[in-house]
Amino acid sequence: MSNKYENSNSQTKPSDVECEACNDTGGIIDKVYDEDYGREVDIYRPCHCQKTKSLKNRFKNALIPDEFKEARFDNYEQNSEAQKTLYKAIQEYLKGFPSIIKDKPEHNSLGFIAVFGESRIRLLSGEAKYKAKSEHNNFGLGKTHLQMAAAKWILNRIRVRDEIAPGQFSRFDRGARVLCVSDITFMDDLTNARMAGDGGETLRNLLDSAINADVLVWDDLGKAKWSESKEGLYYQIINERYLHKRPILFSSNEDAGTLSDKIGYAASSRLLGMCGDRLYRVEGEDYRLRKGSH
Ligand SMILES: Nc1ncnc2c1ncn2[C@@H]1O[C@H](COP(=O)(O)OP(=O)(O)O)[C@@H](O)[C@H]1O
Ligand SMILES: [Mg+2]
Ligand SMILES: [Zn+2]
């Protein structure tokens with residue numbers, strides 16, 4: 001009996017509180033003297049523990065695929081021209097990234113695409129197809145590796161101030177929210193959500209998360225099989241992000257022409273416009289087939 005009593009009592013001991021600064025409420029009230037009122041007023045500020053908690057949550061919510069948890073800039077090899085181009089492109093992009101988040105320029109996105117698109121190769125046959133495949137490989141260049149390394153870099157360093165009224169920004173900054181999606185799975189999820197029979201709530205939530213994330217990382221864009229309804233979904237997401245100047249980091253096995261066949265001209269022209277000159281056409285050897293890897 002007495003044991004039970006001690007156990008339940010210990011629940012309220014301060015040592016059971018994870019953060020003693022705020023008693024796990026997440027906020028701290030400071031008493032500050034206000035000149036206008038001529039008295040002390042309560043000022044709320046978020047506790048430091050919220051940053052750690054928020055970082056963990058943001059990593060979780062970013063949905064970085066497990067197989068890319070170890071993908072970093074320091075373990076990306078730069079031997080071929082394609083690898084050097086991709087690495088340099090992403091480094092330069094990230095150098096300017098704080099200003100992309102803050103100043104919301106028109107050109108805010110980054111794209112890695114093919115020189116000779118996957119669906120263009122698929123149209124060929126026999127010798128021509130074999131030749132195009134070997135001369136214009138776009139797989140295993142490390143596009144996804146670098147995108148995921150960038151996602152982590154952004155999660156760890158970029159802070160965002162929300163605009164609470166036109167031209168007026170919050171006093172507090174928060175960590176950037178990143179969402180990584182892979183084209184086939186994501187378009188499947190959207191398509192299934194459309195048929196969920198819940199009045200469109202699941203679909204709305206999925207769309208909102210893709211539209212509102214501070215940064216959207218879109219892997220293998222245009223890989224899903226084309227359909228008219230998918231074309232509508234691509235447009236909805238890309239157009240909303242285009243209007244709000246929210247960056248998209250994408251990679252695709254299509255080229256600029258075939259990408260527009262797969263996601264629609266309206267969506268692709270906006271997306272390519274968002275990249276400005278940060279659209280990189282790359283091809284080269286598949287990292288997984290390199291010499292000495294077996
Ligand atoms: N230059 C590189 N250095 C180290 N690992 C690499 C490099 N390029 C690719 N990889 C690894 O090879 C695999 C395939 O790369 P991935 O990023 O999926 O290529 P892509 O998206 O261009 O098809 C991944 O496990 C990735 O981490
Ligand atoms: Mg990839
Ligand atoms: Zn705290």
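This report walks through the strands of a predicted model and then the surroundings of its ligand.

Let's start with the sheet. Five strands make up an open sheet, and they line up in the order β6-β7-β8-β3-β9 with parallel pairing. At the edges sit β6 (178-182) and β9 (279-281), each of which pairs on one side only. Going from one strand to the next, the twist averages 10 degrees. If you want a landmark, look for Leu110, whose bridge partner in β8 is Leu249.

Now for another pair of strands, β4 and β5. These two run antiparallel, with 5 bridges between them. Across from Arg161 you'll spot Asp173 in β5. The two strands form a hairpin, with 2 residues between them. Have a look at Gly167 in that turn: its phi is positive, at about 75 degrees.

Here are both strand pairs side by side:

| Pair | Residues | Sense | Bridges |
|---|---|---|---|
| β4 and β5 | 159-165 and 168-175 | antiparallel | 5 bridges |

Finally, what surrounds ligand 1? There are 15 residues around it, and the closest are Gly142, Lys143, Thr144, His145 and Tyr287. Which helix gives the largest share of this shell? That's α7 (residues 143-157), which supplies 3 residues. Sorted by class, the shell around ligand 1 holds 7 polar, 5 nonpolar and 3 charged residues.

How values were computed
Residues are numbered from 1 along each chain as its sequence is written. Chains are lettered from A and ligands numbered from 1 in the order in which they are written. This is a predicted model: local features need pLDDT of at least 70, side-chain atom pairs count only at pLDDT 80 or more; totals for chains, interfaces and linings use all residues. Two strands pair if DSSP finds at least two bridges between them. Helices (H or I, at least four residues) and strands (E, at least two) are DSSP runs, numbered from the N terminus. Axes are lines fitted to C-alpha atoms, for helices over the stretch in contact, and angles run from 0 to 180 degrees between N-to-C directions. A residue is near a molecule or strand if its C-beta atom, placed from the backbone, lies within 6 Å of it. Ala, Val, Leu, Ile, Met, Phe, Trp, Tyr, Cys and Pro count as nonpolar, Asp, Glu, Lys and Arg as charged, and the others, Gly among them, as polar.
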